[in-house]
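Try each task before you read its solution.

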Amino acid sequence: MTQRKIGLLFILLVGGGLFAGYFLMGAPGPSPLFDAVFSRGLTETGAENLVAAIYLDYRLFDTLLEALLLLVSVIGVSQFGSLSGSERVHPNIASSGAPRHDGASRIMIGSLGPVYLLIALAGVYTVVTGMDGPGGGFQGGAILAAIVISAHFAEGRQLLRLQTGARLEKLMYALILITGMVFLASSGGWSYRQHRLYLLIINVLIGAKVFSGLSMIYLHFMAGETEDEA
């Protein structure tokens with residue numbers, strides 16, 4: 001039996017087990033936790049988006065560990081990129097920061113400026129309004145990283161240097177930890193507005209960290225040789 005057939009059989013068995021378990025569970029019972037978050041989430045956290053209330057307030061430790069996971073991923077990609085770069089010689093096409101057209105349409109290249117602006121507006125809006133609507137720091141940061149990725153992919157321009165991105169991500173994670181610890185230590189007597197301010201600040205910090213982290217991962221994969229990081 002080939003590996004493809006074995007893999008397909010494994011997927012079918014796991015999928016069948018999951019669906020069987022789902023149907024055997026029957027109707028869900030009462031959920032005190034859901035009822036509590038649904039009824040008191042806005043009052044206790046100041047977030048109309050209850051998803052943001054959960055991952056930035058009730059389960060803040062999970063968010064801190066998720067941010068740490070991205071930081072560790074970036075460090076891993078950086079280290080493996082440095083090792084592979086020392087074993088082969090490739091010119092770093094983006095190290096100079098100069099635009100590279102390579103025959104691409106000049107009309108398309110010239111139109112990218114307004115596109116970057118729209119992406120930036122969408123990313124900032126998603127970060128800032130994440131407490132009240134769909135989105136937040138993780139989603140907005142990913143949108144903003146699309147600017148760096150698009151500029152490098154389409155024009156060969158490196159808008160974010162690897163050294164700067166590494167420092168930015170580490171700084172943002174430190175600020176996220178500090179903000180989270182301040183919240184956990186003193187939020188018991190906070191007012192509604194203080195909760196709103198906290199949600200805005202931590203969403204901005206998470207957005208900046210995700211932006212730098214995803215940009216760094218892309219640039220490390222695309223660069224033939226990495227810059228020395230502090």
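**Exercise 1.** Decide whether T45 is buried or exposed in this predicted model.

*Solution.* Start with the relative accessibility of T45, which is 0%. Buried means under 20%. T45 therefore counts as buried.

**Exercise 2.** Find the backbone atoms that lie close to a polar atom of the T45 side chain, within 3.5 Å.

*Solution.* First locate T45 in helix α2. Next, look at G41: its backbone oxygen is 2.6 Å from a polar atom of the T45 side chain. Then turn to A47, whose backbone nitrogen lies 3.3 Å from a polar atom of that side chain. Finally, leaving aside residues up to four places away in sequence, T45 touches A53, D57, Y58, H195, R196 and L199.

**Exercise 3.** Work out how α2 is oriented relative to α3, and describe their contact.

*Solution.* The axes of α2 (residues 32-45) and α3 (residues 50-58) cross at roughly 65° and come within 10 Å. Angles of 65 to 115 degrees count as roughly perpendicular, so α2 is roughly perpendicular to α3. Their crossing is left-handed. From α2, the contact includes V37, F38 and T45, and from α3 it includes A53, D57 and Y58. Sorted by class, the contact has seven nonpolar, two polar and three charged residues.

Note on methods. Residues are numbered from 1 along each chain as its sequence is written. This is a predicted model: local features need pLDDT of at least 70, side-chain atom pairs count only at pLDDT 80 or more; totals for chains, interfaces and linings use all residues. Side-chain values use heavy atoms; hydrogens and water are left out. Axes are lines fitted to C-alpha atoms, for helices over the stretch in contact, and angles run from 0 to 180 degrees between N-to-C directions. Helices (H or I, at least four residues) and strands (E, at least two) are DSSP runs, numbered from the N terminus. Angles under 35 degrees count as roughly parallel, over 145 as roughly antiparallel, 65 to 115 as roughly perpendicular and the rest as oblique. A crossing is left-handed if the near helix is turned anticlockwise from the far one by less than a right angle, and right-handed if clockwise. Contact means heavy atoms within 4.5 Å. Ala, Val, Leu, Ile, Met, Phe, Trp, Tyr, Cys and Pro count as nonpolar, Asp, Glu, Lys and Arg as charged, and the others, Gly among them, as polar. Buried means under 20% relative accessible area, exposed over 50%, partly exposed in between (1.4 Å probe, protein chains only). A polar contact is a pair of N or O atoms within 3.5 Å; within protein, one must be able to donate a hydrogen and the other to accept it, and residues adjacent in sequence count only if both atoms are side-chain atoms.
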